[in-house]
Amino acid sequence: MTSMNAHAEQLASVATLAPIFKASGDPMRLEILRVLRRDTFGVLELSQLFDMRQSGMSHHLKVLHKAGLLEPQREGNAIFYRRPLHLDSDKPTDQIIRQIFETVDQVALPPHLQEKIDAIRTQRADQSQAFFARHAEQFREQQELIASFELYAKPVAKLLRQRSTKQNWQTALEIGPGEGAFLKVMSELAAHVVALDNSKDMLAKATRTCIDEHLHNVDLIEGVTDTLLGRGDAFDLVVANMVLHHVPSPADIFLDAAALMNSGGCLVISELCSHDQDWAKQNCGDLWLGFEPEELTAWGADAGLTAGEQLFIGLRNGFQIQVREFWKASSLA
């Protein structure tokens, strides 16, 4: 009887693996999995990437989702798709799924497909930049519909000051400084600070803040992280406050931050947790409705960063903020 039960369990286990191999046995579906390595795309965007009718793309996504290779992510009224956040190392089906991901990730994306991905990211970036150009004067007011600056700035500053007692931060970078309200803290923590923003209007406000606060060790640069990578800059500390939900490819912030950080460097992020308040897109220019903590952890790990302290702040209006810390391994370790 025992052997019969064991045989039945084996058959059941094999049966659960079959849909995974069937779903991943199609070249188009493998291409979709490759594209979704770090990015999250909607059905229309994926149809655009692969020159396919929406109905055909929806079928592929349905098969991949049913097999556990993808999961839907609601962003307001739209559905986006991503790879699953939770894969159990002890579960046979999840082990196979992880192996499939690791295998397809070894194959580089063809140039024409990467160009289309870059075009979609550019569309998203233009959308965000246009919002800030239109609403620069009301930026602080719009942001405080979600969370006042002090609610996330104070815990981030406290964490950084605690770390600074043991760290000798010579160079620091703030990605997306907005009006520059956090630059005073950055200026106190490091000898030289760079503030990077792709909005001329916001940089103008940050410049005024630096003048008013007499922050003489801050350089304000218009551009994106690629701008600094091209210059060969390197930093001991990188901070991004409430930035990820405004950028076209949030996972790339982790990759670029890791590339810009010296060994032993620290990345600190404050960000919204995943929520369903779609009005934030229209009123605040948000591209994404927050993120699951596991997403940030996975993006950090993919960039070679180790997650450190985390803090969660619940707000009365239903939003929740996460403050996250990530470290780049020291070359002496």
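Which residue in S6 does Ala195 stand opposite? I looked this up and found Leu220 in S6 opposite Ala195.

**Entry 1: the model.** I noted that this is a predicted model, in which local features need pLDDT of at least 70, side-chain atom pairs count only at pLDDT 80 or more, and totals for chains, interfaces and linings use all residues. Residues are numbered from 1 along each chain as its sequence is written, and side-chain values use heavy atoms, with hydrogens and water left out.

**Entry 2: strands S5 and S6.** I read helices (H or I, at least four residues) and strands (E, at least two) as DSSP runs, numbered from the N terminus. Strand S5 covers residues 192-197 and strand S6 covers residues 218-222. The two pair in the parallel sense over five bridges; pairing requires that DSSP finds at least two bridges between the strands. I then followed the chain through helix H10 (residues 200-213), which makes a right-handed β-α-β unit with S5 and S6. Right-handed means that, with the strands pointing away from the viewer, the path from the first strand over the helix to the second runs clockwise.

**Entry 3: the nonpolar cores.** I took a nonpolar core to be a set of buried Ala, Val, Leu, Ile, Met, Phe, Trp, Tyr and Cys residues joined through side-chain atoms within 4.5 Å. Buried means under 20% relative accessible area, exposed over 50%, and partly exposed in between (1.4 Å probe, protein chains only). The largest core has 36 residues, and Leu160, Phe182, Leu183, Leu237, Val268 and Ile321 touch the most other members. Among the elements that each supply at least two residues of this core are S5, H10 and helix H8 (149-164). H8 gives the most, with seven residues. I also listed contacts (heavy atoms within 4.5 Å) of Leu183, not counting residues up to four places away in sequence; they include Ala195, Cys210 and Leu220. A second, separate core of 30 residues includes Val238, Ile253, Trp288 and Leu305.

**Entry 4: the cysteines.** I searched for disulfides, defined as a pair of cysteine sulfur atoms within 2.5 Å, and the count came to zero. Cys284 is in no disulfide either, as the nearest cysteine sulfur, that of Cys273, is 17 Å away. Cys266 counts as buried because its relative accessibility is 0%; Cys284 is buried with a relative accessible area of 2%.

**Entry 5: Ser58.** I located Ser58 in helix H4 (residues 54-66). Ser58 counts as partly exposed because its relative accessibility is 32%.
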